[in-house]
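Below is a short report on one protein model. Please keep the sequence and the coordinates at hand while reading.

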Amino acid sequence: MKEIAKNKDLRHHWNKKYTKTPDEQLGWYETDLSKTIELIEKTNLNKDSNILIIGAGTTTLIDELLKKNYTNITATDISEVALQKLKDRINTDKVKFIIDDLTKPKEINKIQKVDLWIDRAVLHFFTEKKDRETYFNLLKRNIKSNGFALIAQFNTDGAETCSGLPVFRYNKEMLVIELGKEFDLTESFNHTYIMPSGNERPYIYTLFKKK
């Protein structure tokens, strides 16, 4: 019962954020997507490759991918409010939408394996070991051979909370250990994201390739 309550509380938390705060004022709203695009282009994937965006929210990354003629994108989030706003904005059949909780995945387990898994600032919310294990098992199971994982999370030098929730911070070495021998690290760098408020948030950006 505690797990059910926790999941409902998280869904309510994110639904409230996306309902009450304009997208441009959200702490993670980003106008400069160049660092993410840079890593995506390093994959050299075909335009019809299967791309999964974890914790998509209302991200404008999808708009950019559509401009670059990617045609097979799946957006998932725990918040149905966020995904509905995203769906209303982009209005295309090139994107599929999945409401799911990655600590208790159901719908994600039903999708085809992906060529690219993109997670920008979801993993760091999983502060419990069992939730991190569930996440990494899901990632490893759902990426094709020779597929990629783009993971960008709060750096170990970064803030200890985000959106009022505690976070578990990462560096390159920690992510290498978590992904294990099935994946090679192909690129990594530190990046300081500037929030709409002007505050700085140090991130670690990584790109892994599955063997």
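Which residue of β2 does L52 stand opposite? L52 stands opposite T74 in β2.

## Model and confidence

This is a predicted model. Its mean pLDDT is 93. Of the residues, 96% reach 70 or more. Residues 1–5 are another matter: over this stretch the pLDDT is below 50. Beyond near neighbours in sequence, the stretch has two contacts in the model. Where pLDDT is low, the predicted coordinates should not be read in detail.

## The sheet

Seven strands form an open sheet. Their order is β3-β2-β1-β4-β5-β9-β8, and the pairing is mixed. The edges are β3 (95–99) and β8 (183–194), each of which pairs on one side only. Direction ignored, neighbouring strands are turned by 15° against each other on average.

β1 and β2 run parallel and are joined by four bridges. β5 (residues 143–154) and β9 (residues 200–210) run antiparallel, with seven bridges between them. In the latter pair, A149 stands opposite F208 in β9.

## Strand β2

β2 covers residues 73–77 and is mostly covered: five of its five residues are buried. Its side chains split by direction. I73, A75 and D77 point one way. T74 and T76 point the other way. All of them are buried, whichever way they point.

N50 sits in the loop between α2 (34–42) and β1 (51–54). Is N50 buried or exposed? N50 counts as buried because its relative accessibility is 9%, under the 20% cut-off.

The N50 side chain also has a polar partner. It reaches the backbone oxygen of K113 at 3.3 Å. Not counting residues up to four places away in sequence, N50 touches N72, T74, Q112, K113, V114, D115 and L116.

## Helix α6 and its partners

Which strands does α6 touch where it packs on the sheet? The strands are β5, β8 and β9. The direction of α6 makes about 35° with that of β9.

α6 (residues 172–179) also meets helix α5 (residues 129–142). The two axes come within 10 Å and cross at roughly 65°. From α5, the contact involves F136, L139 and K140. From α6, it involves L175, E178 and L179. By type, these residues divide into four nonpolar, no polar and two charged.

Both ends of α6 have a local feature. At its start, a side-chain oxygen of N171 reaches to within 3.2 Å of the backbone nitrogen of E173. Just after the helix, G180 takes a positive phi of about 75°.

## Helix α1

T19 lies in α1 (residues 2–20). T19 counts as exposed, because its relative accessibility is 54% and the cut-off is over 50%. How far apart are the C-alpha atoms of T19 and A82? They are separated by 8.0 Å, although the two residues lie 63 residues apart along the chain.

Terms used: Residues numbered from 1 in each chain as written. Predicted model: local features only at pLDDT ≥ 70, side-chain atom pairs only at ≥ 80, totals over all residues. Heavy atoms only, no water. Helix = DSSP H or I, 4+ residues; strand = E, 2+ residues; numbered from the N terminus. Buried < 20%, exposed > 50% of the residue type's maximum accessible area, 1.4 Å probe, protein only. Polar contact = N/O pair within 3.5 Å; in protein donor to acceptor, adjacent residues only side chain to side chain. Contact = heavy atoms within 4.5 Å. pLDDT = per-residue confidence, 0-100. Axes fitted to C-alpha atoms, helices over the stretch in contact; angles between N-to-C directions. Nonpolar A, V, L, I, M, F, W, Y, C, P; charged D, E, K, R; others polar. Pairing = 2+ DSSP bridges.
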